[in-house]
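Biologist: I would like to learn how to read a model like this one. Please take me through it feature by feature.

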Amino acid sequence: MTNSRFDPATPHDWAPNAARQIGREAVLLTYDGVGHGVYWRSPCARDAINTYLLTRKAPRKGTHCPAVWPTGPSVQRQSPSGGLVDPLPDLLGTGPYRSTV
């Protein structure tokens, strides 16, 4: 399972307990950045998730992926192959689902 360190929807403090409830086979991968949903936010997390989905090889317990902080308004992100488009709003809140908080 994955969780962002600064997730506004599912606080990271909840993640270790949720992993324990799943059982000893659960592995928590922590993205040390912001946002809800880590797949599109970090190449490190995306690689670990893809590896698990394709090979069922989970990352080591306690794995952290470094934060990728925005440096300015971002364009819509695509997968390395260019085929998939990030469905999530961008990190700065300038996309169609921007936060009003």
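Modeller: We begin with the sheet, which is open and has 3 strands in the order β1-β2-β3, with parallel pairing. β1 (2–6) and β3 (64–65) are at the edges with a single partner strand each, so one side of each has no neighbour in the sheet. Strands (E, at least two residues) and helices (H or I, at least four) are DSSP runs, numbered from the N terminus. Two strands pair if DSSP finds at least two bridges between them.

Modeller: A word on the source: this is a predicted model, where local features need pLDDT of at least 70 and side-chain atom pairs count only at pLDDT 80 or more, while totals for chains, interfaces and linings use all residues. Residues are numbered from 1 along each chain as its sequence is written, and side-chain values use heavy atoms, with hydrogens and water left out.

Biologist: How many bridges join β1 to β2?

Modeller: 4 bridges join these parallel strands. Phenylalanine 6 is opposite valine 34 in β2. From β1 the chain passes through helix α1 (residues 15–22) to β2, in a right-handed β-α-β crossover. A crossover is right-handed if, with the strands pointing away from the viewer, the path from the first strand over the helix to the second runs clockwise.

Biologist: And how many bridges join β2 to β3?

Modeller: Strand β2 (residues 29–34) runs parallel to β3, and 2 bridges join them. Tyrosine 31 has cysteine 65 in β3 as its bridge partner.

Biologist: What is an aromatic pair?

Modeller: Rings of Phe, Tyr and Trp (its six-membered ring) pair if their centres lie within 6.5 Å; planes under 30 degrees apart count as stacked, over 60 as edge-to-face and the rest as tilted. The count here is 1 aromatic pair. Tyrosine 39 and tryptophan 40 form an edge-to-face pair, 5.4 Å centre to centre with 85 degrees between the planes.

Biologist: Is tryptophan 40 buried or exposed?

Modeller: Buried means under 20% relative accessible area, exposed over 50%, and partly exposed in between (1.4 Å probe, protein chains only). Tryptophan 40 has 11%, so it is buried. Tyrosine 39 has 23% relative accessibility and therefore counts as partly exposed.

Biologist: How should I read phi?

Modeller: Most residues other than glycine have a negative phi. Arginine 56 has a positive value, near 65 degrees. Arginine 56 is in the loop between α2 and β3. Its relative accessibility is 68%, so arginine 56 counts as exposed.
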